[in-house]
Amino acid sequence: MKKQAEVLAPAGSMESMMAAVHAGADAVYMGGSRFGARAYADNPEEDRFLEAIDYAHLHGCRLYMTVNTLVKERELGELYGFLRPCYERGLDGVIVQDLGVLSFVRQHFPDLPVHASTQMTVTGPRFARILKEQGASRIVTARELSLGELARIHREVDIEIESFVHGALCYCYSGQCLLSSFIGGRSGNRGRCAQPCRLPYDVQGARDKERYVMNLKDLCTLDILPDILEAGVYSLKIEGRMKSPRYTAGVVSVYRKYVDRYLARGREGYQVDPADQELLLDLFDRGGHTDGYYRRHNGRDMVALKEKPAFRQVDQELFKRLDAEYVNRKKQEPVRGVLQVTEGEPVRLEVSLAGQGAGDSGPADPRAGGTREQGPGITGPAVRQPRAAVTGPVVQSARSHPMTSDQLRKQMEKTGNSPFCFEALDIRLEGSCFLPVQAVNQLRRQGFQALEEAVLTAYRRDGRAGEGRKEEPLPEAASGSGSFRQVSSDADSSPVPAIHVLLENPAALEAVLEFPETASVYLDAGGFGAETWKEAAEGCHRKGKQCVLAFPYIFRPQAEHYFLEHWKEFTGAGFDQVLVRSLEEAGFLKEQGAGLPMIFDAGIYAMNHRAAAWLKESGAQRLTLPLELNAGELRELLAAAPGSWEMPVYGHLPAMVSAQCVRRTKLGCDRKPDVLFMKDRTGKQIPVRNVCRFCYNMVYNPEPLSLAGMEKQVKGLGAAVIRLQFSVENASRTRDVIRAYVEHFRYGKDTPVPVDGFTRGHIKRGVE
C-alpha cells in the first residue's frame, strides 16, 4: 500500500536529520560534503553521511542527497567516487540541478531515483515531460507555481511532484538568480548565496521607510494543505537546512499532524488550530507568514518590508518540549520476539519489526517485503522482510530455582541504547531451565544486531549497477591544467567571432541597424510586442542581418497564451532563429512545430560537456557560455564540448527574474512597463524592469559587463559569437557602445566604451 503523501524534512546536520526522523518525517533531504546547495550548512563527511542513511532506514525513513549545484567540467571526474559509497549504502535518491549530472547518474547508477531540483526552474508540463523522458522520477517545482499549474502538470505528466510547503522563499525564481554571484562572487548555483535579497534598498520614487522590498515572508501552507495535495503534489517539502534541529523538529511535527489529519478525515474533517500557527511563528518569524504563490501571482502582502527586530521573546517552554520529545530523544523501533527456552537445547531468539513477525502479515513498512514506497508509480529496489533468528548456549537444568518467564522478560527488555525495543515478546519456557544473565543479555544483543543487519542489508546495492558503474574519464583537454588542443588561447589563430546584439528597447532598433558589422539582432519579446515583429524583422533583413526573437525569461500560462494568440504574427514575421530561455519554451516550440533553429541562453546552464551534449541533442543549434566560469574554466568547457557557442561581452546582465514586482510593491501596479532603480547600501543603482507582458521583474546587475580591451582573451576562447545586450540603455548610448565594440573587435582600435563604471564579470575570478 503506497502512501498518499510524503512529509519531506530538511537536515543541515546529523542532529537535524535525527530530529526530523523523530518528529515523523517520511523522508529527509541532506547535503554531503560536496555538490550541495547549502555549502555553509554543517554537512556531514562521507562516513557520517553513510551513518545518516542507516539511521533513516532503521527508522523507516527515506534519505535523499542534494547534489543540486552546477558542476564544472573538471569536477565531473570526482562525482562517481563521491556518489558510489552512498549509492551502495542504499541512498533513496539524489536531487540534482545540473542536466549533466542527471545524465551522469542515469548512466552510472541507473536504478538510483533522480529528483529534478527546484533550481531547474520547472514551470510547466513540457519541461516536466522532458525530465521524465531523461529518467527523472520526480520534479521539484518552481515555488511560484499556482495550484492550477501544479494540477496541469499532474494531469499531463506521469511524474512525482514535490513542492515547498514551509520555510524561506527566494525572491527570484530558483536557479535564475545571479545577484549574489555578481555582487560578491558567492553563487547560489554553487550553494553559497549571500542572500542580498534580505538587505534594505531605497526604491526610486518611494518615500516611506519600508526598504526590505525583496525580503519575502516565510511560507506556511497549513490552511491550504488539502488544496496542494488535491492538486497532485505528492511530496510536501519543508525548507530549512540552515536552521536548527529544534526548528526542524517543530515544523515537521506540525506538518505530520495535519497531513495525517487530512489523510484520515479528508477535507471535511480538516481544521487548523491557530495555536499551531503561532508555534511555527515562535520557531522563526521573518515578519509573518504567507501562503505563497499557490493562489496568487505576486503581492505586497508577501513581502516583509520592515526591518526584523533585533530581539524577540522566545518561548523557552516550547523549546524545552521540542528538545525532550524530538531533539534529545532516543528513538527505538518496536519489535516482536519469540524466545524459545527449552531445557537441554540451545536457547533461540527470533525477532522481527512489529507487524512483520513470523507468520504475520501486518501493515506495509518501507523496510519490509516487496518494494520500497516512493509514491505513485515509483518503486525502489526490492527489499527482504526484516527478521532475524539467533541461538545461544544450551539451556542448563536448574538445580533449585528454575527461571521464570517474568525474570526472562525483565532481562530481555533491558534494551538500552539499541535502536529496538520489544513491543511484544512471546516467551516459551519448557522444563526446569537456567541461563546465566550474561547469556540472556548476549542473546538479546546478537538478536538485535542481526535484525539491524537484516534491515540495512535490504537497502544495500552491492553489485546491482552492472555495466553502468564505471569511472567517468574526463575529456583529455580538461583532465589537467596544460594546453588545450581544440581551443586556442592565441587570438591571432582564432576565427573572428560574429557580433550579435540583444535589444529590449524598441526605440534603439534603428541605432543597431546602422552598423554593417553586426550580423544578427535579437528582439526581446518583453519589449517588442507581436505588432512590431514583422516590421522589425524586415528592417533587419533589409540591412543584411538575421533577426531572432528572444522568448521570455520565464514561460508560464500568461506567456503561453500570448504566443498562441499571436502565433500567426510569429510565424509570419520571418524570424531566422529563436533565443529560448527555458526548456519549457523549447518544448512549446517543438509542440507547435515552429521549425526555427534554437539558441539556448545562459540561463539554460551548460557548465560541463555532458550538459552541453544533452542540450545540443535537445535541439540547441548554439549554446550560450555560462556567466559564472572564469577564462580557464571556459577553455576547459570549450575544449571538452566543441561546437557553436556565443559569449556575452557587454550588458547589464540579468541578476534576478522574479514573479514579484518592485513597482507594484512600492508604487502600485499601473500595467506600464518601465525601468526604475533601487539603491543599495553602497550607493549602487540597481535597474529593475517590470515586464508587464509576461508579468515578471528583471533585476539587472548595477554595473554593465564590459570585456572591451580583452579582445585577445575573448577571441582565444573560440566562441563563434559575441553578444552585446542592451536593457536599460537609450538609443544614443546603444549606438555609442556598439561603435566602441565594433572598433575593438573588428578594427583593433582602443576606443573607450561610454560607461561610467563596469565589471569584468567572472572572466577573471569565477566562483567557488
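Mentor: Two packed helices are described by the angle between their axes and the distance between the axes. Here helix H10 (residues 274–283) packs on helix H11 (residues 316–327) at an angle of about 90°, and their axes are 11 Å apart, so that H10 is roughly perpendicular to H11. This is a predicted model in which local features need pLDDT of at least 70 and side-chain atom pairs count only at pLDDT 80 or more, whereas totals for chains, interfaces and linings use all residues. Residues are numbered from 1 along each chain as its sequence is written, and side-chain values use heavy atoms, with hydrogens and water left out.

Trainee: How are helices, axes and such angles defined?

Mentor: Helices (H or I, at least four residues) and strands (E, at least two) are DSSP runs numbered from the N terminus. Axes are lines fitted to C-alpha atoms, for helices over the stretch in contact, with angles from 0 to 180 degrees between N-to-C directions. Angles under 35 degrees count as roughly parallel, over 145 as roughly antiparallel, 65 to 115 as roughly perpendicular, and the rest as oblique.

Trainee: Which residues of H10 and H11 meet?

Mentor: With contact meaning heavy atoms within 4.5 Å, Leu279, Asp282 and Leu283 of H10 meet Leu318, Phe319, Arg321 and Leu322 of H11. By class, this contact has five nonpolar, no polar and two charged residues, where Ala, Val, Leu, Ile, Met, Phe, Trp, Tyr, Cys and Pro count as nonpolar, Asp, Glu, Lys and Arg as charged, and the others, Gly among them, as polar.

Trainee: At what angle do helix H9 and H11 pack?

Mentor: Helix H9 (residues 245–265) and H11 pack at about 80°, with their axes 9 Å apart, and the two are therefore roughly perpendicular to each other. Pro245, Arg246, Ala249, Gly250 and Ser253 of H9 meet Phe319, Leu322, Asp323, Tyr326 and Val327 of H11, a contact with six nonpolar, two polar and two charged residues.

Trainee: Are H1 and H2 roughly parallel or roughly perpendicular to each other?

Mentor: Helix H1 (residues 14–23) and helix H2 (residues 46–58) pack at an angle of about 5°, with axes 11 Å apart, and are therefore roughly parallel. Met14, Met17, Met18, Val21 and His22 of H1 make the contact with Arg48, Glu51, Ala52 and Tyr55 of H2, and these residues divide into six nonpolar, one polar and two charged.

Trainee: How many of the residues of helix H20 are buried?

Mentor: Buried means under 20% relative accessible area, exposed over 50%, and partly exposed in between (1.4 Å probe, protein chains only). Helix H20 (residues 631–640) is mostly covered, with eight of its ten residues buried, including Leu634, Leu637 and Leu638. Its buried residues pack against helix H19 (609–617), strand S26 (645–651) and helix H22 (711–717). At the start of H20, a side-chain oxygen of Asn630 comes to within 3.2 Å of the backbone nitrogen of Gly632.

Trainee: Which side chain makes a polar contact with that of Thr624?

Mentor: A polar contact is a pair of N or O atoms within 3.5 Å; within protein, one must be able to donate a hydrogen and the other to accept it, and residues adjacent in sequence count only if both atoms are side-chain atoms. Thr624, in strand S25 (residues 620–624), has such a contact with the side chain of Arg723 (2.9 Å), while a polar atom of its side chain lies 2.8 Å from the backbone oxygen of Phe600. Thr624 is buried, with a relative accessible area of 1%, and, not counting residues up to four places away in sequence, among the residues that Thr624 touches are Trp645, Glu646 and Pro648.

Trainee: Where is Asp301 placed?

Mentor: Asp301 is in the loop between strand S11 (289–290) and H11 and is partly exposed, with a relative accessible area of 46%. Not counting residues up to four places away in sequence, Asp301 touches Lys217 and Arg296, and its side chain makes a polar contact with the side chain of Arg296 (2.8 Å).

Trainee: How many helices and strands does the protein chain come to?

Mentor: The protein chain comes to 23 helices and 32 strands, and buried residues make up 61% of its 768 residues. Of the contacts in the chain with a separation of 6 or more, 73% are between residues 24 or more positions apart.
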